[in-house]
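Hi everyone, thanks for coming. Let me put the model up on the screen, and then we can walk through its charged pairs together.

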Amino acid sequence: MLLFIMVACAPSEQELYDAGIIELRKGEFKTAIENFDRILEENPNHFDALNARGVAYFELQKWDDAIVNFKAAMKQDSVSYKPYLNLGNAYLEKEEFKDAVVNYNMASALDLNQTDIYYNRGLALLGMEEYEDALLDFDNALRVDPNQALVHFNRGKALVGNNDPLEAINALHRSVSLDDTNGAAFYLLGITEMSALNKVDEGCAHLQQALQLGYNEAQEWIDEFCSSDS
């Protein structure tokens with residue numbers, strides 16, 4: 001009689017990686033990390049697993065753990081833009097804007113076709129109050145796709161910071177026309193209209209819209225400038 005002994009084969013690195021990516025896409029970030037951990041226990045220099053584990057930690061808002069993994073991935077492949085872009089995003093979330101810009105610059109230098117860098121680097125530059133440079137990046141992002149409401153909104157913020165309220169109002173009008181659910185955009189539009197152009201009626205209408213959308217900072221302006229007896 002022949003006896004067949006069933007031996008369970010351990011999954012390969014590729015199988016574990018593919019399973020981790022599936023979990024990552026499903027939003028099961030902890031399970032994804034478990035798969036990447038199994039790869040890295042046997043092969044701590046696995047670039048894709050390091051980068052993907054960093055992404056999973058990023059999605060869990062564990063910025064420091066994400067940074068550790070992205071930096072480790074860089075050591076394994078210094079010519080891939082991916083960990084630099086991801087590292088920039090992690091620093092952006094931590095509001096460490098200078099470090100974010102440095103890594104976005106590296107990502108862009110490694111792959112000029114990564115146009116997603118423009119918007120994120122613009123946000124970091126905006127956080128540094130480097131308004132003119134931020135505007136260049138937002139303009140580049142809009143050349144790729146002119147219908148990005150958030151880009152128009154942040155471009156409006158940069159224009160306000162750069163003391164160009166008329167262009168800021170145009171940008172903010174464009175933003176709210178593309179997305180009428182952004183209370184912060186209506187708020188900034190309202191106060192800029194009132195401050196720069198003394199358009200009280202228009203400004204108050206936009207502040208009311210901001211308040212209806214849950215942007216409670218609008219209430220102070222409404223109370224001071226938009227009451228019926230003001």
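**Salt bridges in the model**

Let's start at A205, which sits in helix α12, residues 200-212. Keep in mind that this is a predicted model. A205 has a relative accessible area of 45%, so it counts as partly exposed.

Now, the charged pairs. How many salt bridges does a search of the whole structure find? The search turns up six. As a reminder, side chains of opposite charge can pair when their charged atoms come close.

One of them joins the side chains of E23 and K26, at 3.3 Å from N to O. Both residues belong to helix α1, residues 13-26, and they are three residues apart, about one turn of the helix.

Next, please find R53 and D37, whose closest N and O atoms are 2.6 Å apart in a salt bridge. This pair links distant parts of the chain: R53 is in helix α3 (residues 47-59) and D37 is in helix α2 (residues 29-42), 16 residues apart. R53 is buried at 18% relative accessibility, while D37 is partly exposed at 24%.

Finally, the side chains of K94 and E96 form a salt bridge at 3.4 Å, N to O. K94 is partly exposed at 29%, and E96 is partly exposed at 29%.

Key
Residues are numbered from 1 along each chain as its sequence is written. This is a predicted model: local features need pLDDT of at least 70, side-chain atom pairs count only at pLDDT 80 or more; totals for chains, interfaces and linings use all residues. Side-chain values use heavy atoms; hydrogens and water are left out. Helices (H or I, at least four residues) and strands (E, at least two) are DSSP runs, numbered from the N terminus. Buried means under 20% relative accessible area, exposed over 50%, partly exposed in between (1.4 Å probe, protein chains only). A salt bridge is a side-chain nitrogen of Lys or Arg within 4 Å of a carboxyl oxygen of Asp or Glu.
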